[in-house]
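Me: I am new to reading models like this one. Could you walk me through a few features, step by step?

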There are 2 protein chains.
Amino acid sequence: MAQRFAVADLGSNSFRLVVYAWGDGRWRRIDEIFEAVRIGAGEDRTGALSEEAIARALATIDVFAHFVAASGLSPSEVAFVATSAIREASNRDAFLERARAVAGTAVRVLEGDEEARYGYLAAVNSTTLADGVVLDLGGGSMQLVRVAGRLEADAASWPLGAVRMTERFFGDDAPATRKQLDKLRAHVAAELESAGWLAASRRLVAIGGTARTLAAADQRAQELPSFGVGGHVIEAAALDELIERLAELPPSERASIPGIKPARADVILAGAVVVRGAMEASGVDGVEVTEAGLREGMFFERLIDADPPLLEDVRQESVYNLAAQYDIDVPHARHVAELATTLFDELAASGLHDGDPIERELLWAACLLHDIGMAVNYDDHHKHTRYLILNGGLPGFTPREVALIAQATRYHRKGMPTFGELAPLMTAKGDAALLDRAALLLRLAEDLERSRDQSVRSAHAEVEDGEVRLQLVADGDVRVARWAASREQQLFERAFDRTLDVGR
Amino acid sequence: MAQRFAVADLGSNSFRLVVYAWGDGRWRRIDEIFEAVRIGAGEDRTGALSEEAIARALATIDVFAHFVAASGLSPSEVAFVATSAIREASNRDAFLERARAVAGTAVRVLEGDEEARYGYLAAVNSTTLADGVVLDLGGGSMQLVRVAGRLEADAASWPLGAVRMTERFFGDDAPATRKQLDKLRAHVAAELESAGWLAASRRLVAIGGTARTLAAADQRAQELPSFGVGGHVIEAAALDELIERLAELPPSERASIPGIKPARADVILAGAVVVRGAMEASGVDGVEVTEAGLREGMFFERLIDADPPLLEDVRQESVYNLAAQYDIDVPHARHVAELATTLFDELAASGLHDGDPIERELLWAACLLHDIGMAVNYDDHHKHTRYLILNGGLPGFTPREVALIAQATRYHRKGMPTFGELAPLMTAKGDAALLDRAALLLRLAEDLERSRDQSVRSAHAEVEDGEVRLQLVADGDVRVARWAASREQQLFERAFDRTLDVGR
């Protein structure tokens, strides 16, 4: 990967330096330094950055600058950016001058609409959001962006950040009172009245550390298996319950709730109340979380050569990007996908299943990715593929969908598919049958392409009475293909309630 | 990886086609097809390959040949080899002629000493065996090779294979009787009397599917966490117990014992008794298992440009090979190893620990490998590194050592080291303290090399009273290094019972 880009994000709650790399059809985050600077601490009372906060900030900027220099990043490959706490401080200019001297480069202060735009780019390039609202809650402010047809339609920023609201509405290290909560709720509601376009938003996607923390806590509370929070939906009722639990504890004990990290324990309650208020104002029952944020928004602007910089198809790009991280046999993987989706279509046309397009997409993704686990070890590579998919992540897919893809690859060689510890994610009716079909079709396609040379050009399903006969169009001999495919009869019968004849 | 080599191993129990690839300083197995052909079935009674067995064999050879052709492997890149069942059959020549016609190339029949030699090459290149005996138990025969100074000193082959012994000593699908077991034991002991050089072997390394299966069953019986059987030692007493449990069950039920695969359930008892007899004859209390076998022996002959083809240092090569599978920052990893081992040596010289050379080697390995998990995801890459080490394998290290290396990398960023589910492997006194030291030194070295530019050229430990002061020799500023290292004070104190002063 030949290109790099670093973002030093001087946020109100924390400072974070993130380095991205891209090239050869893939991209990834390659380094990250985090420091909980809390530059916005005390600002809500005084209107200014405190001397202690400035000292912590400059020390961290110094570390970032040295890191950037040591990494050999050129000035054009690095962006130092500041958001609301710095933007709105009365001593902003003095601070920026000192920061510039330490950083060796100017710190770009993002205006509210710029901050909102990067949040929007992050959300639209990491989810399937086409119409709805993006919520970006930071330490100092909250941005909301209305999205219509994947484009930015309206945007506004409110001084409703989690650090700020904590300082204004909650005092010392004590449980929150009903009165404090009600006051904050009323404040959020009043503030958001100005955005009439919020009502009836249909879909709300949240970015930022507060949203990620709430999602992690919600996954734990629901006892869901977790491999990242991307795509997780927090329901309103669950968020209400979480707020109750947080309010009962003094801030110093809130990290005892699974999923709540100590560095965020004191401000998470205010953040949760603000998010809940935004849901109320938007008229949605759930908020969807993405792991991407402001920094990814800035990175996408560099990565994507389009205006606005939008990935054409987020889910497809996620699959291609994950596949490209590993040294797989690309023509093989693509041909397996081609064979499997053709059989999927033909069996649907014959009425053996519904031919759901989402199911087809999951099958396609499983085919593209089925061999990435060979990077770990040939032995058990189906299990390693599952691990790499779950832990590598597929932005744009829900946790349930990621689990379905991973589990289909897990069974691409042998065994009868089950969900194992991923079962709690399988909330849709018929998920077990879907997994059977996906695993079977991937496996059958892999068998037909067992010699990895695309010599079985295509395979067709002829359905007759209780039997499905496989017709192969091939260059040369198909003995390996038939030998391999003949082993799938049991799973075929379970998946399609028909016997399979692979010919001879 | 530009080069490939395929071995089609026509064994007495199973046929297996394995493809290896190598180049760019690394090698790996990239494909494998297995079929439980049992070509030796019935041979012990008749002296000949049966027509049914020949039909199964030719069908599988046909599949292998088509696979090889489709993979674009040239004749010089493929070896079809046969071992004892075919070698000793009265109708061998007729079979070989038919096999040649199907394979499109001659099948090379390995003589007993050649088979023994490849087993020896597999064992000596996948373990630290320098002096001892290599045991290779197949379906038809058993080879024993005495190794002295890593060289082949004596070798012999006996018709004591697991399939053969099963047919001769055990009948139908019934539990084994005491009498049957005693007869087989006596037969093995009598056969092995011919090898006087066996006695007092000191160390016994076993290869082959029977040994791997016994090791897997033993790991399960001991309730040990398993990530492959390489390096596992089966104690004599444990093998005796396993033989008892196997004998009590009819062959058809033996796969109910965890670790015993159905395809091997019928012949595993005889195999276990033969291995136990070889231990008896060698005067050893335990047999060490390696995952490498005949096929790897043939591959090593291609890979290693030396005579005999021996890796210079098996453990070191394992670490380099695993590191080279992933796209890591090599100068960074090597520099971390350099910094960490220097501190290790200096702290030992100051009397803060024993400076055990094995511990030093584990630390070095952990340093080399610490970042491979970044291939999976930057987030939690320490956890991914652990997964990749455990599942990628490190031939030459024991399971305990692999676990120590993996666990040190697991804690190379944060947290207080523990063994978690790997605890049952930690049988040596002081393992927890060893892990603390290794994780701490890796972490400290990583901090000093946090900017990945080798600007901290070396670090030295000055011990004075209750304190260790870090002296850095650096090009330019060391602020990032000190900032990062200052976070390790707690773990340093736990590991060395001294406070750490990183300077300022």
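Me: How many bridges join strand β6 of chain A to β7(A), and do they run parallel or antiparallel?

Reply: First, a caution: this is a predicted model. Strand β6 (residues 132–137) of chain A is joined to β7(A) by six bridges, and the two run antiparallel. One pair to look at is L137(A), whose bridge partner in β7(A) is M142(A).

Me: What do β6(A) and β7(A) form, and how many residues lie between them?

Reply: They form a hairpin, with four residues between β6(A) and β7(A).

Me: In which sense does β7(A) pair with strand β8 of chain A?

Reply: Antiparallel again: β7(A) pairs with β8(A) (residues 151–158) over seven bridges. Find V145(A) and look across to β8(A); A155(A) stands opposite.

Me: Is strand β7 of chain A mostly covered or mostly open?

Reply: Start with the general idea. In a regular strand, side chains alternate between the two faces of the sheet. Now the case here. β7(A) spans residues 142–148 and is mostly covered, with six of its seven residues buried.

Me: What rotation superposes chain B on chain A?

Reply: In general, a rotation about an axis and a shift along it relate two copies of a chain. Here the rotation is 180 degrees, the shift along the axis is 0.0 Å and the RMSD is 0.0 Å. The two copies are therefore related as by a two-fold rotation axis.

Me: Why do the copies meet through the same surface?

Reply: Because 100% of the interface residues of chain B are also interface residues in chain A.

Note on methods: Residues numbered from 1 in each chain as written. Chains lettered and ligands numbered in written order. Predicted model: local features only at pLDDT ≥ 70, side-chain atom pairs only at ≥ 80, totals over all residues. Least-squares fit on C-alpha atoms with pLDDT ≥ 70 in both. Contact = placed C-beta atoms within 7 Å. Buried ≥ 20, exposed ≤ 12 C-beta atoms within 10 Å, placed from the backbone. Pairing = 2+ DSSP bridges.
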